[in-house]
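Please keep the sequence and the structure open alongside.

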Amino acid sequence: MADLNKLTLADARDALKKGETTSVELTEACLKAIDAADALNAFVHKTPEIAMERARAADARLAEGDAPAMCGLPIGIKDLFCTRGVPSQAASGILEGFRPEYESTVSQNLIDAGAVMLGKLNMDEFAMGSSNETSVYGNAVNPWRRGNDEAALTPGGSSGGSASAVAADLCLAATGTDTGGSIRQPAAFTGIVGIKPTYGRCSRWGIIAFASSLDQAGPMTKTVRDAAIMLEAMCSSDAKDSTSTDLPVPNFEALLTGDIRGKKIGIPREYRIDGTPEEIEKIWSDGAAMLKDAGAEIVDISLPHTKYALPAYYVIAPAEASSNLARYDGVRYGHRAKLAQGDGITEMYEKTRAEGFGDEVQRRVMIGTYVLSAGFYDAYYNRARKVRTLIKKDFEDAFAQGVDAILTPATPSSAFGLGEMAEADPVQMYLNDVFTVTVNLAGLPGISVPAGLDKQGLPLGLQLIGKPWDEGDLLNIAASLEKSAGFVAKPAQWW
Amino acid sequence: MLDLTYEAPKVKTIAGAKHDWELVIGMEVHAQVSSNAKLFSGASTKFGAEPNSNVAFVDAAMPGMLPVINEFCVEQAVRTGLGLKAGINLTSAFDRKNYFYPDLPQGYQISQLYHPIVGEGEVLVEMGPGVARKVRIERIHLEQDAGKSIHDMDPHMSFVDLNRTGVALMEIVSRPDIRGPEEAAAYITKLRQILRYLGTCDGNMQNGNLRADVNVSICLPGAYEKYQETQDFSHLGTRCEIKNMNSMRFIQQAIEYEARRQIAIVEGGGKVDQETRLYDPDKGETRSMRSKEEAHDYRYFPDPDLLPLEIEQAWVDDIAASLPELPDQKKARFMGDYGLSDYDASVLTAEHENAAFFEDVANASDGKLAANWVINDLFGRLKKDGDKGISESPVSPAQLGGIINLIQKGDISGKIAKDLFEIVYAEGGDPSQIVEERGMKQVTDTGAIEAAVDEVIAANPAQVEKAQANPKLAGWFVGQVMKATGGKANPAAVNELVMKKLGL
């Protein structure tokens, strides 16, 4: 078979089962594609030995007829996941040289499902960023370009490496994590599918924490069906994560019936924001029309507290991050600054953290420290928590009215140029998350589906937001939208 | 059971140059939960292990590691709360207390600031028979202990031992109801006693398993009563907190020193600064550790890694039903059921094991005699024998009860009983069998005693005359008869016969 790396998970799985190819062949094709794609800077730690070893083991299992759900399928793992014996440093200098002695629950679940890890993927440092430009490895690059313009574009962030790698067919799929949109925004920027499940669906154990109450892992794939397959493999109840659910994991793929007749799809009026490009508005209404044609009912809804979501998010996430990142102190692992004669523990902390953390991480640690400080706690952190409760209630009210899913744009623009935001106010970058953060604050599942190209030839995504724990229904509606949109474009290979 | 009522003890005053001053003391006691594993990890809590050997990934704050609550520690906190007659909060929550220190790997301690697991309770602190201070407990919360920084192993480097990191502590916070150094020590003693009865903390102060932060302020007589009426702290003086005390003696010394220091400042026209202080036992003084301005801003916030802790009333009820009899009840029962004095009952209930031993002896013999024998003879003998504890006693409750029963039956005299006790202590054996075998039995056969009395009287006519003139001297004859019978004659019978034969 030709171009094995371009297969979807579902097709590769079926081909493996039929004996049309082997995991070794699939894996070799991906490794070759990865080696040819250094210009994308998507993979930051390649693990070909591990990949080949697991591929051979998978082929043996396939031969025995004992193939679990993702047996032999080559994937990439975001650098935020701790993978045993393999560098896992959240794209940060402070975790220089860190190789964990443990495997995150999600990546272990994928190993147990037979998946083959090709390597670790680029990302924004500690998942803080929307352009992949805060990575210590330098940014990943979007395989898409604006027509014939050679200017490098961002793959989005923080899961930029994952998005770039899947869009460029370097792997069949990848893991991502999403704290405020870090799966859905890069998926939209690169024309792929990305789902953030309900908070608690995927164990956070072994995933380097950014903001614990918001972080969730999810798959980034070429199709909705692939997202269903891989999400099921990633999810589990985990006694090691107190916030993980006890609910059983459904067979998501089996729920993809394609039938969405009678489903009620809400269009939230507060997501019409001044300055949103016309093309985004258009793809949004096109998406609504497609769902309607497929038999769904389209209703206008109100999520009145939406405008407070972004400020609340940028209080809560940095607050948790400032505490979560306190452990990177140079005492036990990772980077430690060289000290001068007479330097004490305070100097060790200050120098280590100043050298090890990039600017954006330092900014957020400082914001987080500030909003938790005595005298400011109520004005910022507590207030943000109250806003969060109201945002959650907005969604509960909508679902209580019978809405099955909510359709919104995934991003306020298509992929922008790398370096374009360098001089901008950081808040401009934060605005990238405007459509996605509400979902994290409310703990809901959200999926980004590629819906079309803009005038410059760049992908645009639509977001569907589902009811808690109802990823199955959400994926089914997303599959219908995917089918109607018929997005098949691929970036022209320039790398 | 006796219903004991107590009077409040007299408040200790310290004379300043100008006034008499009263002390107001509140304590935060950190009690290490007796559990095999840590509060949020499966690592062992065993004391004295190789440095950094009892450390789970989460204790070392490795990236991506998450805490999971140890249910047994929660149970121990609930048990403690119930033992202190406190309200149990069915919903509580964990917060992060953020600060940087190398022995705090996470950069925060997981504690319970906003919603502690245990609410208000009380401890009755006895200061003498019928006199006790009721100290209110404000709250008990669960939190993680920190590790240990070692600064004296190397001239240039510091070392960190994380074995203690994450071990479960209960912080027991009192109201400022303690009114002097002696009361403070008595409060700790009583708290420790209750914890040991409950089995929730071993109370080992030397190992640091029970330590106290002591808040001390001074006020003029009358001010405290105003605080009590209003619960308004402005009636009280500015407090200083003396950190991390783990000796009763030092706690008393530190309070005394601190009170005098504050009195000198205030009487000299100065103001006491609210600050954290450390006690230096070598110099016998407290010194400033950090002022209010330098105080850490701990940036407490709810720990997002942990869901609120929800427990069920039925579970709390089960724990309540399994509580042992606590010191106050036990003491009252000992006084009521066995007729013990306040003092004896206090001594016997100080340690749970002692009380149980006593009770076994008492139930096999007589309560009052059992109390005397346990307190005076057994405790005294164990102390002489290398300060042994009751669990190491070579004499069992049944053996001691046997000895007491032999006295009561009149088989042996009190004096012989002491010899018998020593034999049983040193050699073991059944007391009544020993008495038989070694001929230690008391002679109650009046015929035999009468013969002995007659013999002594016949042999000492001069003494007879003297005794008839002065009956107090009759005792001499009793002594002679006892001697002649090898101490085995029943002294009461001898006495009676001597008096009769002398015609007294």
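**Notes on salt bridges and a sheet**

1. Lys330(B) counts as buried, at 8% relative accessibility. The cut-offs: buried is under 20% relative accessible area, exposed is over 50%, and partly exposed is in between (1.4 Å probe, protein chains only). Lys330(B) forms a salt bridge with Glu325(B), with the closest N and O atoms 3.1 Å apart. Glu325(B) is partly exposed, at a relative accessible area of 23%. A salt bridge here is a side-chain nitrogen of Lys or Arg within 4 Å of a carboxyl oxygen of Asp or Glu.

2. On provenance: this is a predicted model, where local features need pLDDT of at least 70, side-chain atom pairs count only at pLDDT 80 or more, and totals for chains, interfaces and linings use all residues. Residues are numbered from 1 along each chain as its sequence is written, chains are lettered from A and ligands numbered from 1 in the order in which they are written, and side-chain values use heavy atoms, leaving out hydrogens and water.

3. Confidence: the model scores ipTM 0.96 and pTM 0.92. Chain B averages a pLDDT (the predictor's confidence in each residue, from 0 to 100) of 93, and 99% of its residues score at least 70.

4. Over all chains, the whole structure holds 63 salt bridges. One of them joins Glu253(A) to Arg13(A), with the closest N and O atoms 2.8 Å apart. Glu253(A) lies in the loop between α7 (224–234) and β7 (264–268) of chain A and Arg13(A) in helix α1 (residues 9–18) of chain A, so the pair ties together parts 240 residues apart in sequence. Both Glu253(A) and Arg13(A) are buried. Helices (H or I, at least four residues) and strands (E, at least two) are DSSP runs, numbered from the N terminus.

5. Lys501(B) forms a salt bridge with Asp454(B), the closest N and O atoms being 3.2 Å apart. Lys501(B) sits in helix α16 (residues 491–502) of chain B and Asp454(B) in helix α13 (residues 446–459) of chain B, so the pair links parts 47 residues apart in sequence. Lys501(B) is partly exposed at 32% relative accessibility. Asp454(B) is partly exposed at 34%.

6. Chain B has an open sheet of three strands, in the order β5-β4-β15, with antiparallel pairing. Pairing requires at least two DSSP bridges between two strands. The edge strands are β5 (108–111) and β15 (301–302) of chain B. In β15(B), Phe301(B) is the bridge partner of Arg96(B).
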